[in-house]
Amino acid sequence: MEGAASAIVEVEGLSKTYPSGVEAVRGVDFEIRAGEVFGLIGPNGAGKSTTIGMLTTTVAPTRGRARLCGFDVAVDPLRARRASAVVCQGPSVDRALSGRMNMEVHARLWGVSHRAARIAEVVDAFGLSGILERPVATYSGGQRRRLEIARALLSNPRVLFLDEPTVGLDPRIRRELLDMLGLLRSAEEMSVLVTTHYLDEAERLCDRVAIMYQGRLAASGSPAQLRARLGQSIAELRVEQDPVKALAVLRAGGVAGHDAFQVGQTVTVPVHRGSPDDAAAELARLGIAVTGVSTRPPTLDDVYLQLTGERIAA
Ligand SMILES: Nc1ncnc2c1ncn2[C@@H]1O[C@H](COP(=O)(O)OP(=O)(O)O)[C@@H](O)[C@H]1O
Ligand SMILES: [Mg+2]
């Protein structure tokens, strides 16, 4: 497939102001191509769930537009909705029913053809056969998530929306679920939009990510592209006295560029040329006390911190 023709999700200037006056989403633009896993990363309140709500037709956009497989969510909501499936942030399965009944009900609701065969297929793919006859109330958090994702796939969606799929799961279960999502990504001809505030997860799972902050997209690209903005390595300096002045001094001396930033007592300097030790040496030369230095390759956390001035809550 090629270029623009294979964009499955197209979003232009999409905005949502709730009746309360909260501007949850303030004009976002992005595209998701066929088979691509796209991550929307950002802290609580960034507008991620509202964006998913608009793309799945449960929240009416205030401005802008969004199309799924060419269907505008405002003009042709039924067709747009049929192209996708969503796993919401909160629990959405019926706890009193068995896993199998949850699957059955969903498959009927969505008019899934060859129902039994399709259920068997996703049950197998998600390793659910051993627990399928039990009421969902007896499932662990990880098992319930697996059921929710498997159920969403019954209708063979072109796009799967996953809102914080791993939140609240313990690290081992989180990893299992990530592996499963990784498999899914290679097996199904499907695009995925996943929201998360775990940056390591985004790095591992996503072809491209967008950093969402206060209703806007601060940057987007592949994780490698975003990290490359900060060069090959970064030097992190802990400065006791006046970190704002230290940053200014480093910039004036040409050791730090415009992409250097300071948060609290820490000055972070992307190193594009010269040595990672240059910044510490420059401060020492000027008599500015540095209490700690580390150099390392940049991470998505650094990119996030530079763009937002905040650490993401993990
Ligand atoms: N139904 C709603 N009515 C009013 N405000 C809302 C509603 N849903 C979300 N918000 C507000 O919109 C902003 C974005 O929320 P949300 O989209 O849930 O962000 P995220 O999923 O990134 O945490 C927050 O300030 C939130 O309080
Ligand atoms: Mg949310």
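Analyst: A residue counts as near a molecule if its C-beta atom, placed from the backbone, lies within 6 Å of it. The model is predicted.

Start with the shell. Ligand 1 is surrounded by Tyr 18, Ser 20, Val 22 and Ala 24, together with Gly 42, Asn 44, Gly 45, Ala 46, Gly 47, Lys 48, Ser 49 and Thr 50. By class, 7 of the shell residues are polar, 4 are nonpolar and 1 is charged. Lys is a charged type, and Lys 48 is in the shell.

Which element gives the most to this shell? Helix H1, residues 48-55, does, with 3 residues.

H1 itself is largely enclosed by the rest of the structure, because 8 of its 8 residues are buried. The cut-off for buried is 20 or more other C-beta atoms within 10 Å of a residue's own. Lys 48, Ser 49 and Thr 50 are among the buried residues of H1, and these three also belong to the ligand shell. The buried residues of H1 also include Thr 51, Ile 52, Gly 53, Met 54 and Leu 55. Just after H1, Thr 57 takes a positive phi of about 70°.

Now helix H4, residues 115-125. Here Ile 119, Val 122 and Val 123 are buried. Seen down the axis of H4, its buried residues fall within an arc of 105°, so they line one face of the helix. They pack against helix H3 (99-109) and helix H5 (141-153). The face of H4 turned away from the buried side carries Ala 117 and Asp 124, both exposed.

Next, the domains. The domain assignment of the chain gives domain 1 (4-222) and domain 2 (231-297). Their centres, taken over C-alpha atoms, are separated by 40 Å.

Finally, Arg 296. Strand S14 (residues 290-296) holds Arg 296. Is this residue buried or exposed? Arg 296 is exposed, because 11 other C-beta atoms lie within 10 Å, and the exposed class takes 12 or fewer. Leaving aside neighbours within four places in sequence, Arg 296 is in contact with Ser 233 and Ile 234. From Leu 178, Arg 296 is 118 residues away in sequence and 26 Å away in space, C-alpha to C-alpha.

Terms used
Residues are numbered from 1 along each chain as its sequence is written. Chains are lettered from A and ligands numbered from 1 in the order in which they are written. This is a predicted model: local features need pLDDT of at least 70, side-chain atom pairs count only at pLDDT 80 or more; totals for chains, interfaces and linings use all residues. Helices (H or I, at least four residues) and strands (E, at least two) are DSSP runs, numbered from the N terminus. Two residues are in contact if their C-beta atoms, placed from the backbone, lie within 7 Å. Domain bounds come from an automatic or database domain assignment. The arc is that of the directions from the helix axis to the C-beta atoms.
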